[in-house]
Amino acid sequence: MSNVIGHPQPDRDERATQAQAIRNAAHSVPQRGQARTSTNGEELAYGETFAGCYHKGLPHGPTGFVDPAAYREYTDALLQQDHARFEGLPVGANFPSVSHPRRTSGGGSGQRKMTSPFTGHVYDLQGLDAAAQAITAAPTLGSDELAAEMAEVYAMALLRDARFEDIASGAGSAGTLATALAGMPWFASAAGYTGIGDRHRPLTGPADLFRGSTPGSRNGPWLSQFLLVGNRGPGGADTSAPLPVRALPEVDDGYVYYGTQMVDQRSAVAVAGNDWMQTWAAWLDAQNGADFGGLDQFESKRQFMTTPRDVATYVHFDALYQAYQVASLLMLAGGAPFGKDRGMPESNSRTRSAFASYGGPHILALVTEVSTRALKAVWRQKWLHHRRLRPEVVAGLLTLHANDPAAIPDPALRTALAELQAKIPASILAAIAAKNTADTSGSPTASAGIVAPNGNTAGLPAIDAAKNYLLPMAFPEGSPTHPAYGAGHATVAGACVTALKAFFEMYQADGVTELPWPLAAGQGPGGSGAYGFGKVYVGNRATLKKAAGSPALTVQGELDKLAANIAIARNVAGVHYYTDYFASLRMGERITVSILEEQASLYGERMSMSFTSFDGDRVRVSGQDGRATVSVVDRTGHALSAADWYQRYR
């Protein structure tokens with residue numbers, strides 16, 4: 001006689017056979033197409049200077065050009081996945097002592113290593129393979145687009161310490177900078193801008209500065225509500241409510257439930273006016289891989305993010321998927337008016353509640369899960385294909401060209417840099433030169449022991465203060481030690497925000513109209529939202545305050561804005577360009593959809609998730625009993641095949 005009622009069906013051998021078949025089917029999705037990566041051709045465009053590509057950490061001469069033999073050895077070892085040869089490169093502990101940076105004192109020491117150069121070779125067992133997606137070629141040095149990107153990162157450096165609301169109003173120099181940018185051909189040609197899926201951007205005034213590409217990211221305050229507000233429990237200040245609810249009476253307290261603990265939306269913020277790498281010697285040392293980490297200087301108290309420097313500091317130290325994990329906690333907490341997607345089985349069940357599937361553990365794990373796949377894909381693009389140089393290097397090339405064109409050995413490179421300089425507004429370059437001069441007279445760079453203009457500059461080019469176009473960096477070390485394109489933060493942002501948009505309900509009862517932010521009573525799924533947020537906030541250092549006017553925001557728009565904020569904050573720091581954000585965000589989105597598609601085929605009952613893509617498409621992932629589909633309707637109402645959508649980057 002059996003001591004149990006029965007066994008799950010199927011079980012044992014039958015279950016094992018079926019599991020293998022389902023896994024094989026999930027990993028053999030034919031409709032995704034094949035990736036075709038194309039580069040901008042600049043790696044070999046400028047002779048043995050290799051000036052159009054990334055080589056930070058390798059030995060450079062006094063004028064900033066990489067040792068060509070070292071560059072070729074590095075790329076050969078990288079592409080052939082030759083770990084032994086890579087260990088012999090003059091990088092990190094192997095950097096030649098004769099060329100060691102002119103560092104005299106201060107925190108940090110030694111040489112930086114290259115960051116995970118072989119990750120793009122790694123395979124994975126879920127979602128698109130790292131080589132199954134790509135991004136388009138990056139802009140070239142002399143192009144209108146690269147000029148617009150460099151002018152924008154210069155403007156970001158000039159406005160790092162302005163409040164976001166002051167930038168939007170045109171206060172200080174924001175208005176004149178916006179006017180200068182708006183007159184550039186790339187921005188001026190955005191008359192046909194659709195608001196989505198277009199790297200051209202309108203710049204009609206300072207409120208458009210430093211915005212993302214999606215409609216939500218361009219509406220309301222610059223900073224997403226997901227980076228500011230906390231939970232409000234249904235008990236409010238009611239002392240009879242359970243303690244975790246009672247402890248957080250108001251949204252503007254800025255605390256997010258993490259079980260019985262709390263996540264504080266206030267951040268450690270860097271000291272205003274503290275920029276780096278503004279002298280040629282400091283810039284060159286950074287290119288040679290000097291480790292300037294640990295020199296950051298912070299305010300004494302944590303504060304709500306209020307300025308561009310604040311978000312740049314956030315993305316200097318974040319755990320990469322951190323903002324999306326906090327957003328998940330905010331949306332999951334009891335009393336918060338965010339419901340799960342109506343296509344999930346347990347969203348409408350009378351007898352089941354979501355937990356292990358479709359519940360908190362599911363989404364909290366998902367935002368970390370998709371981020372690992374996103375990093376593999378973008379690391380393949382940045383290291384194995386594009387090897388795009390960082391903005392700090394473009395600024396160095398511009399500075400060298402402006403001061404001594406003859407020091408640039410390749411005529412094609414001289415021509416490209418002359419075109420680039422001519423396209424960047426002279427007023428912006430002059431403002432950068434003035435800032436560099438003012439900052440280096442008593443700069444934290446000098447006090448930290450990084451050589452100032454009167455230090456040991458033997459053999460270095462003479463830089464006229466009026467032609468010092470080096471990019472003031474928010475991070476002491478400048479960019480990370482990996483190439484620019486695509487961007488890790490941006491790809492993870494696209495992947496994680498897509499998971500959040502798919503997992504939570506984004507639409508009102510009609511299934512078309514987006515849910516508004518803030519959610520008021522009765523607006524959430526199933527009439528939830530009784531404890532709605534009530535206001536739109538902006539950071540005001542120690543507190544939050546109500547945003548001016550009555551911006552009409554949506555939940556989905558604020559999630560899109562969250563992705564833009566985190567990705568573009570890396571541009572604010574000076575380490576990325578707009579195209580890094582734009583292309584990487586969309587690649588991250590496709591990676592998450594591929595993972596959701598494979599997971600959807602594993603559920604026994606019918607389920608679906610729906611959201612609006614970063615290009616304005618309505619995307620629906622559905623599945624049941626070993627089958628899954630991705631259906632896409634673009635913003636004009638036309639259906640797209642899954643293959644066309646997955647390969648849209650081409």
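Helices here are DSSP runs of H or I, at least four residues long, numbered from the N terminus. With that in hand, Threonine 49 sits in the loop between H1 and H2. Everything shown below comes from a predicted model.

**View 1. The whole protein, before zooming in.**
The protein has 20 helices and ten strands. Of its 650 residues, 57% are buried. Take the contacts with a separation of 6 or more: 75% of them link residues 24 or more positions apart.

Threonine 49 has a relative accessible area of 6%, so it is buried, given that the cut-off for buried is under 20%.

**View 2. Phenylalanine 50, a residue with positive phi.**
The loop between helix H1 (12-26) and helix H2 (68-79) also holds phenylalanine 50. Its phi is near 50 degrees, which is positive even though the residue is not glycine. For context, most residues other than glycine have a negative phi. Phenylalanine 50 counts as buried because its relative accessibility is 1%.

**View 3. Phenylalanine 210, another positive phi in a residue other than glycine.**
Phi is near 65 degrees at phenylalanine 210. Look for this one in the loop between helix H7 (185-188) and helix H8 (243-246). At 5% relative accessibility, phenylalanine 210 counts as buried too.

**View 4. The cis peptide bond from tyrosine 485 to glycine 486.**
Omega for this bond is near -5 degrees, and the bond is cis. As a rule, most peptide bonds are trans. Glycine 486 belongs to the loop between helix H16 (444-447) and H17.

**View 5. Helix H11 against helix H17.**
The axes of H11 (residues 322-332) and H17 (residues 488-503) come within 9 Å and cross at roughly 15 degrees. That makes the two helices roughly parallel, because angles under 35 degrees are counted that way. The crossing of H11 past H17 is right-handed. On the H11 side, the residues in contact are Tyr324, Ala327 and Ser328. They meet His489, Val492, Ala493, Cys496, Val497 and Leu500 of H17. Sorted by class, this contact has seven nonpolar and two polar residues, with no charged ones.

**View 6. H17 again, now with helix H19.**
H19 (residues 578-600) packs on H17 with axes 6 Å apart and an angle of about 45 degrees. The pair is therefore oblique, and the crossing is right-handed. From H17, the contact includes Ala490, Thr491, Gly494, Ala495 and Ala502. Among the H19 residues that take part are Asp580, Tyr581, Met587, Glu589, Ile591 and Leu596. By class, the contact of H17 with H19 has twelve nonpolar, six polar and two charged residues. Cys496 of H17 is in contact with H19, and Cys496 turns up in the contact with H11 as well.

A disulfide would be a covalent bond between the sulfur atoms of two cysteines, but the structure holds zero disulfides.

Methods. Residues are numbered from 1 along each chain as its sequence is written. This is a predicted model: local features need pLDDT of at least 70, side-chain atom pairs count only at pLDDT 80 or more; totals for chains, interfaces and linings use all residues. Side-chain values use heavy atoms; hydrogens and water are left out. Axes are lines fitted to C-alpha atoms, for helices over the stretch in contact, and angles run from 0 to 180 degrees between N-to-C directions. Angles under 35 degrees count as roughly parallel, over 145 as roughly antiparallel, 65 to 115 as roughly perpendicular and the rest as oblique. A crossing is left-handed if the near helix is turned anticlockwise from the far one by less than a right angle, and right-handed if clockwise. Contact means heavy atoms within 4.5 Å. Ala, Val, Leu, Ile, Met, Phe, Trp, Tyr, Cys and Pro count as nonpolar, Asp, Glu, Lys and Arg as charged, and the others, Gly among them, as polar. A disulfide is a pair of cysteine sulfur atoms within 2.5 Å. Buried means under 20% relative accessible area, exposed over 50%, partly exposed in between (1.4 Å probe, protein chains only).
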